[in-house]
Amino acid sequence: MDLRFTAEEIAFRDEVRSFCREKIPAEIRRKVSEGRGLGKDDVVTAQRILNARGWAVPHWPKEWGGQDWTPIQRYIYTEELLQAAVPLPQQFNCYMFGPVLATFGNQAQRERFLARAANLDDWWCQGFSEPGAGSDLASLKTKAVRDGDHYVVDGQKTWTTLGQHADWIFCLVRTDMEAKKQRGISFLVMDMTTPGITVRPIITLEGRHEVNEVFFDSVRVPVENLVGEENKGWDYAKFLLANERTGIARIGLTKERIQRIKRLAREMPSGAGSMWDDGDFRGRVAEVEIELKALEITQMRVAAKQGRADSVQPDPASSLLKIRGSQLQQAATELLVELAGPFSLAAPARGGGGNNPPGGFDWVDAAAPSYFNNRKVSIYGGSNEIQHNVIAKGILGL
Amino acid sequence: MDFDFSEEQNLLRDSVERFCADGYPSLEARQARTREPMGFSEANWGKLAELGVCGLPFSEEDGGFGGGAVETMIVMEAIGRNLAVEPVFASGVLGATAIRLGADSDQKARWLPGLIEGTTRLTLAHTERQSRYDLHDVATKARREGSHYVLDGQKSVVLNADSAGLIVVSARLSGERRDRHGIGLFVVPADAPGVTIEAYPTQDGGRAAEVAFANVAVGADAVLGDSEDGLPLLVRVAEHGIAALAAEALGSMSALHALTVDYLKQRKQFGVTVGSFQALQHRAVDMLIALEQARSMAIYGAMMVDSADAAERAAALSAVKVQVNKACRFLGQEAVQLHGGIGMTMEYIGAHHFKRLAMIEYQLGDTPYHLRRVADDGGLIAA
């Protein structure tokens, strides 16, 4: 038993660390760190820099641009990106669509899409959730009816993250209306410029345009856009969601937030000194740090286990990482609002306000929006309640 | 990075688990042990010595087994899982660590054979009525008289003092009560003239005592290390103690969680097993999360307890104690609640796990104490 990284792993960590800090523009990293929204250009720029180094899609099969990394290396890579406030490679391209296509797509599809997805030449978005299909995803109703060498798609998707930037969408659609829930679902990709597709923004509570509704009205999609076999889409979706949970604890992100809170607390006046002189506040920060340290080790335990040939199944412990990881991400944003205190009320970014930031603090206006926005992390990717069900069934046998 | 036990460690684990299964087949057997005069079975203690548990942390050249923090973790986890009452913690961890890290070669030659064979048991006397968890808060006095030291004072809640042959005592040679300098660690025979031991049972089935020292004379060879700078040694002993308590808690919590899940699968109400209710399933999952987080911190404690950096070590072990304490309370309370009435009874082993876990919180520092230490040191993550 040894918690330390090997010399090779440390060298790798240092390599990723200095690359992130030297090559990814500071302005992009600052926006991430302050919890301000990124433009499409920022995400594309960061990903192309990583891709040029071969690091946009390291977990993909090698022939499609992946790296032969150990699970520990992948863990180090993700954590270093997060800690350096580098935007992670676009998740729908890199963690969802890419792995599914590499595993279940045909050769022509792989050649057509994978390299472009890795370089973010195409921006992909996800069409899974529907107004009536959230946690109960398999009850989705959007249908694709075969008509010659096309499918005709009708229905609606929702919570489509950054769909406003998307060139392509991968969707779960119902291709067999008679079959039982999970059986009649297929995995279909569509060009967002196809006639009949309409994107409508949903403004989330912090005031940003991050998610969308997507409507499909008699959209004609060539059958060659079907991924894998017809009616097997549910299997691919399960594969994808297991991928989504890897690294979902976002330890590095929370660490970076805590570091920032500690820095800012020293500059935030309180009583005769600063907020950092307030022992109660430090205690609340310490409590999050301690829980985070425990989760970091839990995550390393999961990663070390994944590295072994005898465990190819997704570890149900990843549900644990999702639950606690999301809670800690949220706890850090709560601490930041608490630190901003009375200044957290101010929202000059929503219009009005002169050149003076509230109280002279240039970060406080982003604190509450970040807190508001982070309520999503215990909802998306299978809500924490669903993760509880997964553990109760899969681990405890209840 | 590697979270697996070595082959030798697996062997140790197997033999200690087997010992516990044989020695603790039932709650009745365990309760019978607690009613023996010393609060445990001397025969069982002898078996533990045969397994090498008493000499575990000592190096092979000292006649021990050369075990480290991971080996201690393995032993203490088994102790916790089975609620074993032999004084492995008081003697094999606290006392033995003081000797291992503090004794010179003459002292080792004198004490180690008895320790390793199990014929000599140790304990650590550090708590005083005003000290709470501060190891440097020492009112017990030591003074030099010729070639001897004379000790005067009172120590509280000294674990297993009534069955110990040697008591490691913190006493102050110089300075004010809360000074960090001036404290020595003295190894005092429990039967030395002037030592009074008033023993009592503890809430969790163990034994402890109020120990008074009245003009107790010991030789210069009773001092561990520097007679006026013993605090760093005492701190290290307590850190090893925290790592061991974390492992013991982990064992107890694993057992209690397994009992609870099992109960949810068996107990029927309204015509179904209560484990089919989602409200209870989710609570059992939250218990599992707390357990796995505590397991991670027990591992972290074992890894950090020998770190050369004292500040890093202190913060790490305090963090371990905070996380484990919180898990002890959460898991213990949830387990009793999910069991319902049966969880409240003396005849149910789960209730005894609950009590032990509750008491672990108050050994070597409670949650607010250690949280404050982490917070005052600026936390775990460098800003």
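## Leu120 of chain A

Leu120(A) counts as buried in this predicted model, because 24 C-beta neighbours fall inside 10 Å of this residue, where 20 or more are required for that class. Leu120(A) sits in the loop that runs between helix H6 (107–118) and strand S1 (124–127) of chain A. The backbone of Leu120(A) has a phi near 60°, which is a positive value in a residue other than glycine. Most residues other than glycine have a negative phi.

## Domains of chain A

The domain assignment of chain A gives domain 1 (7–89), domain 2 (124–231) and domain 3 (247–394). Between the C-alpha centres of domain 1 of chain A and domain 3 of chain A the distance is 20 Å, and the contact between these two domains takes 14 residues from domain 1 of chain A and 17 residues from domain 3 of chain A. On the side of domain 1 of chain A that touches domain 3 of chain A, the elements giving two or more residues are helix H2 (26–34) and helix H4 (71–83) of chain A, and the largest share, eight residues, comes from H4(A). By class, this side of domain 1 of chain A divides into five nonpolar, five polar and four charged residues.

From the UniProt record (unreviewed entry) comes the feature "domain: Acyl-CoA dehydrogenase/oxidase N-terminal", placed at residues 6–119 of chain A. Over residues 6–119 of chain A the chain is 68% helix and 0% strand, with the end C-alpha atoms 31 Å apart.

## Contact between the chains

The contact takes 37 residues from chain A and 34 residues from chain B. Elements of chain A that give two or more residues to the side touching chain B are helix H8 (251–267), helix H9 (279–306), helix H10 (317–340) and helix H12 (384–394), and H9(A) gives the most, with 17 residues. The residues on this side of chain A divide into 20 nonpolar, five polar and 12 charged.

## Domains of chain B

For chain B, the domain assignment gives domain 1 (7–121), domain 2 (123–227) and domain 3 (232–376). The centres of domain 1 of chain B and domain 3 of chain B, taken over C-alpha atoms, are separated by 22 Å, and 20 residues of domain 1 of chain B are in contact with 23 residues of domain 3 of chain B. Helix H4 (69–82) and H5 of chain B are the elements that give two or more residues to the side of domain 1 of chain B that touches domain 3 of chain B, with H4(B) giving the most, 10 residues. That side of domain 1 of chain B has 13 nonpolar, five polar and two charged residues.

Helix H5 (residues 88–102) of chain B has a kink of about 35°, centred on Ala96(B), and H5(B) is mostly covered, with 13 of its 15 residues buried. UniProt places the feature "domain: Acyl-CoA dehydrogenase/oxidase N-terminal" (unreviewed entry) at residues 6–118 of chain B, a stretch that is 68% helix and 0% strand and whose end C-alpha atoms are 26 Å apart. The record also places "domain: Acyl-CoA oxidase/dehydrogenase middle" (unreviewed entry) at residues 124–212 of chain B, where the chain is 0% helix and 52% strand and the end C-alpha atoms are 13 Å apart.

## The largest nonpolar core

The largest nonpolar core holds 233 residues, of which Phe186(B), Ala243(B), Ala246(B) and Ala284(B) touch the most other members. Helix H7 (residues 231–266) of chain B gives the most to this core, with 18 residues. When residues up to four places away in sequence are not counted, Ala246(B) touches Met297(B), Ala298(B), Gly301(B), Val320(B) and Val324(B).

## A loop of chain B

Leu135(B) has its place in the loop between strand S1 (122–125) and strand S2 (141–145) of chain B, and Leu135(B) counts as partly exposed because 19 C-beta neighbours lie inside 10 Å. Although Leu135(B) and Val235(B) are 100 residues apart in sequence, their C-alpha atoms are 7.1 Å apart in space. Leaving aside residues up to four places away in sequence, Leu135(B) touches His126(B), Leu231(B), Leu234(B), Val235(B) and Ala238(B).

Arg132(B) is also found in the loop between S1 and S2 of chain B, and Arg132(B) is exposed, since 12 other C-beta atoms lie within 10 Å. The phi of Arg132(B) is near 45°, a positive value in a residue other than glycine.

Conventions
Residues are numbered from 1 along each chain as its sequence is written. Chains are lettered from A and ligands numbered from 1 in the order in which they are written. This is a predicted model: local features need pLDDT of at least 70, side-chain atom pairs count only at pLDDT 80 or more; totals for chains, interfaces and linings use all residues. Domain bounds come from an automatic or database domain assignment. Two residues are in contact if their C-beta atoms, placed from the backbone, lie within 7 Å. Helices (H or I, at least four residues) and strands (E, at least two) are DSSP runs, numbered from the N terminus. Ala, Val, Leu, Ile, Met, Phe, Trp, Tyr, Cys and Pro count as nonpolar, Asp, Glu, Lys and Arg as charged, and the others, Gly among them, as polar. UniProt positions are given in the numbering used here, feature names are shortened, and annotations may be inferred rather than shown by experiment. The bend at a residue is the angle between axes fitted to the seven residues ending there and the seven starting there. A nonpolar core is a set of buried Ala, Val, Leu, Ile, Met, Phe, Trp, Tyr and Cys residues joined through C-beta atoms within 7 Å.
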